[in-house]
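Please look over the sequence and the model shown here, with attention to the ligand site and the aromatic side chains.

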Amino acid sequence: MDGLLVALSYLVGSLAFGVIAGLLRGTDIRRADLPGGSGVFRQLGPAWGVAVALLDMAKGAVVAYLSVFAEHPWTVPLMALGVVAGHTWPLYFGFRGGGGIAPTLGFFLYLRPGPTLAALGVGLLGVLLYYLAYWRHTRRGIYPIPFGAIWGYAYLLYALRTDPKALSAVLLVALAVLARGLQILMRRR
Ligand SMILES: O=P(O)(O)OC[C@H](O)CO
């Protein structure tokens with residue numbers, strides 16, 4: 001049962017809605033951008049971008065909901081990893097997906113709303129400061145949202161330090177997102 005939950009998490013995560021949105025509009029978004037909410041926002045407009053961000057978050061929340069059926073203590077962290085790894089390396093789309101931030105948010109907003117909202121605040125502050133101090137002048141380096149996300153993940157790890165199940169889930173997810181971020185930085189979309 002627990003193995004099925006982890007596999008299902010990966011299959012749900014693999015529904016990369018940014019790629020699906022691009023295909024609905026007759027294009028592969030990955031030729032021009034990353035298939036997360038912000039990439040779709042840039043390529044297809046605000047409505048598509050917001051819809052994709054919400055749907056990608058919803059995947060995480062659905063998997064967090066399903067995690068109540070887990071029996072083994074390691075299943076919840078592995079389900080978190082599964083949904084994020086599905087989003088970043090989707091089975092249905094050649095293992096080339098997004099960065100993993102939105103499903104992370106959805107998963108932990110459902111599982112641990114208080115610390116996750118605080119982490120979201122930290123991340124958005126990071127986005128704002130990075131944008132004002134650096135990005136708007138240069139347009140070089142990593143995008144503001146991934147920059148802010150680094151601080152959000154760091155805060156979440158700190159906030160959940162006495163909560164072993166959630167902490168191990170954040171740790172696994174953060175490692176997957178870091179690996180995907182490095183892959184993207186090396187320009188292998
Ligand atoms: O990391 P993703 O793929 O969930 O995308 C979320 C935002 O668009 C990142 O800029």
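The report below takes the ligand site and then the aromatic rings.

The model is predicted, so local features need pLDDT of at least 70 and side-chain atom pairs count only at pLDDT 80 or more, while totals for chains, interfaces and linings use all residues. Residues are numbered from 1 along each chain as its sequence is written, and side-chain values use heavy atoms, with hydrogens and water left out.

| Residue, backbone | Distance to a ligand oxygen atom |
|---|---|
| Gly-37 | 3.2 Å |
| Gly-99 | 2.8 Å |
| Gly-100 | 3.0 Å |

The protein buries 89% of the 300 Å² that the ligand exposes when taken alone, with areas from the Shrake-Rupley method and a 1.4 Å probe.

Among the 8 aromatic pairs (ring centres within 6.5 Å; planes under 30 degrees apart are stacked, over 60 edge-to-face, the rest tilted), Tyr-65 and Phe-69 are edge-to-face, because their planes stand at 85°, with centres 6.3 Å apart. The pair of Tyr-130 and Tyr-134 is tilted, at 5.4 Å and 45°; these two residues lie 4 residues apart in helix H7 (residues 113–138), and are therefore separated by about one helical turn. Ring pairs join Tyr-130 and Tyr-134 with Phe-147 and Trp-151 in a cluster.

Conventions: Polar contact = N/O pair within 3.5 Å; in protein donor to acceptor, adjacent residues only side chain to side chain. Phe/Tyr/Trp six-rings, centres within 6.5 Å; stacked < 30°, edge-to-face > 60°.
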